[in-house]
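Hello,

Here is the structure we discussed. My notes follow below it.

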Amino acid sequence: MQDKKNNRDLTKTGLKIIGVVLSLGGLACTIVGSVSFFSSLGSGTLPKLFWLLMIGLPMLTIGVAMLTFGFRRTDVPKQATPNNGTAESVPVMKTDEKALLCPVCGRENAAGLAFCEHCGAKLERRCPHCGKPVNTDAGFCGHCGKQL
Ligand SMILES: [Zn+2]
Ligand SMILES: [Zn+2]
C-alpha cells in the first residue's frame with residue numbers, strides 16, 4: 001500500500017534538498033564566475049571561469065524554482081467564498097408597522113383603511129404596544145394610551 005501523502009512529502013523533501021544544493025552551487029558558481037569575469041574585464045582575455053557564470057545562473061534559477069515548489073503548500077485550504085449575492089438571499093420583507101393585515105385573507109392593507117382592499121372584510125388594527133384592537137383611524141391606543 002502506497003501512502004500518497006508520504007510520497008508527496010518525500011518528493012517535496014527531495015525537491016527542497018536538490019533546490020538548496022542547486023541554489024547554493026549556482027550561487028557559488030555565479031559569484032566565482034562574476035568575480036572572474038569582472039577581474040579579467042580590463043585584460044581583454046576571456047576569463048577562464050566564465051563558464052561558471054553560464055552554468056551558475058541557470059542552476060540558481062532552477063534551484064530557487066525547486067525550492068519555491070518544495071515549500072509551496074499543496075494543500076491549500078478551501079477558501080470560504082463570500083456570498084456576493086450569488087446565493088439566494090431573499091431579503092425578508094419587514095411588514096410595515098402601520099400596514100394592516102386583513103384577518104380574513106391575511107393580505108396587507110394601507111394604514112387608515114377600514115375595510116380590506118382585497119376581500120372587503122372589516123380591518124382590525126392592533127396596538128403595537130399592547131396588542132389590543134384599536135380603531136383604524138385612532139391616533140392613540142384606547143387601551144394603553146400610547147401613541148399609534
Ligand atoms: Zn382581506
Ligand atoms: Zn395599546
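This is a predicted model: local features need pLDDT of at least 70, side-chain atom pairs count only at pLDDT 80 or more; totals for chains, interfaces and linings use all residues.

Setting aside neighbours within four places in sequence, Leu52 is in contact with Cys29, Val32, Gly33 and Ser36. Contact here means that the C-beta atoms of two residues, placed from the backbone, lie within 7 Å. Leu52 sits in helix α2.

Residues are numbered from 1 along each chain as its sequence is written, and chains are lettered from A and ligands numbered from 1 in the order in which they are written.

Confidence next. The chain averages a pLDDT (the predictor's confidence in each residue, from 0 to 100) of 78, and 78% of the residues score at least 70.

The overall layout: two helices and four strands, in the order α-α-β-β-β-β along the sequence. Helices (H or I, at least four residues) and strands (E, at least two) are DSSP runs, numbered from the N terminus. Of the contacts with a separation of 6 or more, 31% join residues 24 or more positions apart.

For the 22 residues of α2 (residues 50-71) that gives 32 Å, and the end C-alpha atoms are 32 Å apart, so the two agree.

Now burial. A residue is buried if 20 or more other C-beta atoms lie within 10 Å of its own, exposed if 12 or fewer, and partly exposed in between, with C-beta atoms placed from the backbone. Buried residues make up 14% of the 148 in the chain. Leu52 counts as buried because 22 other C-beta atoms lie within 10 Å. In α2, Gly56, Met59, Leu60, Gly63 and Met66 are buried too, along with Leu52.

The largest nonpolar core has six residues: Leu22, Cys29, Leu52, Met59, Leu60 and Met66. Such a core is a set of buried Ala, Val, Leu, Ile, Met, Phe, Trp, Tyr and Cys residues joined through C-beta atoms within 7 Å. Helices α1 (4-39) and α2 each give two or more residues to this core. The most come from α2, with four. Cys29 touches Leu52, Ile55, Gly56 and Met59, not counting residues up to four places away in sequence.

Best wishes

How values were computed:
The expected span of a helix is 1.5 Å times one less than its number of residues.
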